[in-house]
Amino acid sequence: MSRVGLRLLSAIPTLFGVVVVTFLLTRVLPGDPAVFFASNPAMSAADIAAVRETLGLDQPLYQQFLIYLGNLAQGDLGRSIATGQPVAAEFARRLPASAELTCLAFLLAVSVAVPLGLAAALRPGSLVDHAVRLIVTLGVSMPTFVTGLLMIYVFYVLAGVVPEPIGRLDPFLFEPARVTGFLTIDALLAGDRQILAAALHQMLLPAATMALFALAPLTRMTRAAMIATLGSEFIRTARAAGLSRGRIVVVYALRNALLPVVTTMGMVFSYMLGANVLVERVFSWPGIGAFAIDSIVNLDYAPLQGFMLIMAALFIAVNLVVDIVSAIIDPRVGH
Amino acid sequence: MTPLLSIRALSVEFDTSHGTVHALDRLSFDIAPGEILGIIGESGSGKSVTAYAVMGILDRAARITGGEILFRGENLLAMAPRARDAWRGRGAAMVFQNPRTALNPIRTVGDQIADVVARHSGLSRRAVRARVQELLRHVRIPDPERRALAYPFQLSGGLCQRVGIAMALACAPRLLIADEPTTGLDVTTQAAIMELIRERARDSGTAVALITHDLALAAETCDRLVIMHAGHVVEAAPTAAILSRPRHPYTAGLLRSVPSLAGSIAQLQAVPGSLPDLRRADLPPCRFAERCPRRLPRCDAPGPLALEEIAPGHLAACRNLP
């Protein structure tokens, strides 16, 4: 456990680096937020200067950075100039929406990808293997907004088996008491089965869209790792000892093959968290991706910096989890 | 005496992207119950392929194109897959080279031995655990209770090979195939491992096929030797006969290439040339002919080369024996 503590400590310089870089990056974006904010033809140069002063943009860059650091230390991510709301509150509202969708999509992807990769690895070059390759290639080569729209067209417009693909919950239903921000978990806590089912139903399509995209790297890594492991010397030993095929595949090969798969899972999960902007747009999902895009368009510094900071923190957290899981699977890690 | 294992005219080919490798060509030899047989040859001569064919663990690219492998009179190649699975470990078991990589890196050695015991015995979990301890003691692993919980990376190469031997002997097989079991171990450990294999085999009446390129090691350990070259058996005879009067020119060459304490380095002679490319379509009937100092025109005459008994119990495949 002290290793975990050490890893968390070592994340601090990384996070500081991210703070510096995001701060500078947003400042070099073209455009002047004061002009943008005061976008009214009646405004004079003096008015714009006044806006700049209220936003603190008239100060030298290092001064702005120090103020930003001081606010961060107090947990203040600043205020969005577009909505006027504190950025922290906005993220607290939106992050669970993105996280819940990502988690479900990730679970879907893993529970499909690992068996697919396994099936392909057990019979390389077979019909199953080729079918898997086709599915995976389709999943990764179709942009998510296309698959998303296709899914909406097929399952909502034509088949009508899913609810209207707008937002997280049917507007006629009441959200459960907010505890975690995950609708499904909150509904479970409130003991409301109807809301749970409705929330899951609503999430199904966007989650499937995201999962389809994540399928490719996971399946391919599972297949490659399984083929490599099945060819290794200790598998030959196990076969020579007469162990049953099932035991060799599951206990001997799969567990060894999981190591690189877990690492890939970490990368895929982090990537999904940040890159689901398009899916959120297509399904009007009130998540952080859509918010970040709006902020870029509006030259809204504070939410943009907050977004990058949160993503960096999540990346670090996911990597930590991957390290811990790897250490559980492989006794050699850390020796 | 009926042989324990009888390999008859076994041919194995490998499909590679550069053509078909004719790895074994009408290979024949026997192993008697309880005997220690050395299978000698340089790298690429087909020793390990022979072992994998017997165990039924050849990889996908390999094809058995002819022959049979009789175990107590039953053809292993005609056995149902399930029966063959159950036969592995009980009928024959194998010890591999590179003991560290031959064990599952993320499973404790005790569990790995237990897997084999449980698979073939149907003992209770407690009885399996007791048997694992017993096996570890038999291969003289000190402190077996603690070592059973170790992972391969926590043990020395020598200890890992002892674990490998314990796994192989877990179900008292009739035949133990040891494929270069001392490769990568230091000299004193090598001696201890060989001693262990010999002793365990004698105690349980298990026949041993020792695969090695080390003629000195084999001469010390084995009752009988089979000399392989490029997928052929070129000579097979009791160890003393091979050492005192090798008949095949390849065997004679091998003997001259073994250093002895008495002789000087200058007397050592390498066998000239190297193995022929086994992907060639025009392989000569005698695959040693192109390296042979005694080659005659009749050596290249078409038709398979026969392995003939030239003295009681002494077989050789050569058309120009001295």
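Helices, in these legends, are DSSP runs of H or I with at least four residues, and they are numbered from the N terminus. The model shown in every view is a predicted one.

**View 1. Helix α4 of chain A and the glycine that follows.** Helix α4 of chain A, which covers residues 61-73, has 13 residues and reaches 18 Å from its first C-alpha to its last, close to the 18 Å expected at 1.5 Å a residue. After α4(A) comes G75(A), a residue whose phi is positive, near 80 degrees.

**View 2. Chain A as a whole.** The secondary structure of chain A amounts to 14 helices and zero strands, and along the principal axes its C-alpha atoms fill a box of roughly 85 × 55 × 40 Å. Among the 335 residues of chain A, 34% count as buried. When the contacts in chain A with a separation of 6 or more are considered, 70% of them are accounted for by residues 24 or more positions apart.

**View 3. The surroundings of S284(A).** The residue S284(A) is placed in the loop between α12 (277-282) and α13 (288-297) of chain A. Because S284(A) has 14 C-beta neighbours inside 10 Å, it counts as partly exposed. If residues up to four places away in sequence are not counted, S284(A) touches I166(A) and G167(A). The C-alpha atoms of S284(A) and R168(A) are separated by 8.5 Å, although these two residues are 116 residues apart along the chain.

**View 4. The contact between chain A and chain B.** Chain A brings 18 residues to the contact, and chain B brings 24 residues. On the side of chain A that touches chain B, the elements giving two or more residues are α10 (233-240) and α11 (245-275) of chain A. Of the elements on this side, α10(A) gives the most, with six residues. The residues of the side of chain A that touches chain B comprise seven nonpolar, four polar and seven charged.

**View 5. The eight-stranded sheet of chain B.** In chain B, eight strands form an open sheet with mixed pairing, and their order is β6-β7-β8-β3-β9-β10-β12-β11. At the edges stand β6 (92-95) and β11 (308-311) of chain B, each with a single partner strand, so one side of each is left without a neighbour in the sheet. From one strand to the next, the twist averages 20 degrees. Helix α1 of chain B, residues 47-55, packs on the sheet and touches β3 (36-40), β6, β7 (175-179), β8 (207-212) and β9 (224-229) of chain B, while its direction makes about 145 degrees with that of β7(B).

View 6. Strand β10 (residues 232-238) and strand β12 (residues 314-316), both of chain B, pair in the antiparallel sense over two bridges. Opposite E235(B) stands A316(B), which lies in β12(B).

**View 7. The four-stranded sheet of chain B.** Another open sheet of chain B is formed by four strands in the order β2-β1-β4-β5, and its pairing is antiparallel. The edge strands are β2 (19-31) and β5 (74-75) of chain B, each of which pairs on one side only. Strand β4 (residues 62-71) of chain B runs antiparallel to β5(B) and is joined to it by two bridges, and L70(B) stands opposite N75(B) in β5(B).

**View 8. Helix α4 of chain B and its two sides.** The 14 residues of helix α4 of chain B (residues 125-138) should span 20 Å at 1.5 Å a residue, and the end C-alpha atoms are 20 Å apart, which agrees. Buried in α4(B) are V128(B), V132(B), L135(B) and L136(B). These residues cover an arc of only 100 degrees around the axis, and therefore lie on the same side of α4(B). R126(B) and R137(B), on the other side of α4(B), are exposed. The cover over the buried residues of α4(B) includes α3 (109-121), α5 (144-147) and α6 (157-169) of chain B. Just after α4(B), R140(B) takes a positive phi of about 55 degrees.

**View 9. Helix α10 of chain B and its packing.** In helix α10 of chain B, residues 249-256, the residues P249(B), Y250(B), T251(B), G253(B) and L254(B) are buried. The buried residues of α10(B) pack against α8 (215-221), β9, β10 and α9 (239-244) of chain B.

Note on methods: Residues are numbered from 1 along each chain as its sequence is written. Chains are lettered from A and ligands numbered from 1 in the order in which they are written. This is a predicted model: local features need pLDDT of at least 70, side-chain atom pairs count only at pLDDT 80 or more; totals for chains, interfaces and linings use all residues. The expected span of a helix is 1.5 Å times one less than its number of residues. A residue is buried if 20 or more other C-beta atoms lie within 10 Å of its own, exposed if 12 or fewer, and partly exposed in between; C-beta atoms are placed from the backbone. The arc is that of the directions from the helix axis to the C-beta atoms. Two residues are in contact if their C-beta atoms, placed from the backbone, lie within 7 Å. Two strands pair if DSSP finds at least two bridges between them. Axes are lines fitted to C-alpha atoms, for helices over the stretch in contact, and angles run from 0 to 180 degrees between N-to-C directions. Ala, Val, Leu, Ile, Met, Phe, Trp, Tyr, Cys and Pro count as nonpolar, Asp, Glu, Lys and Arg as charged, and the others, Gly among them, as polar.
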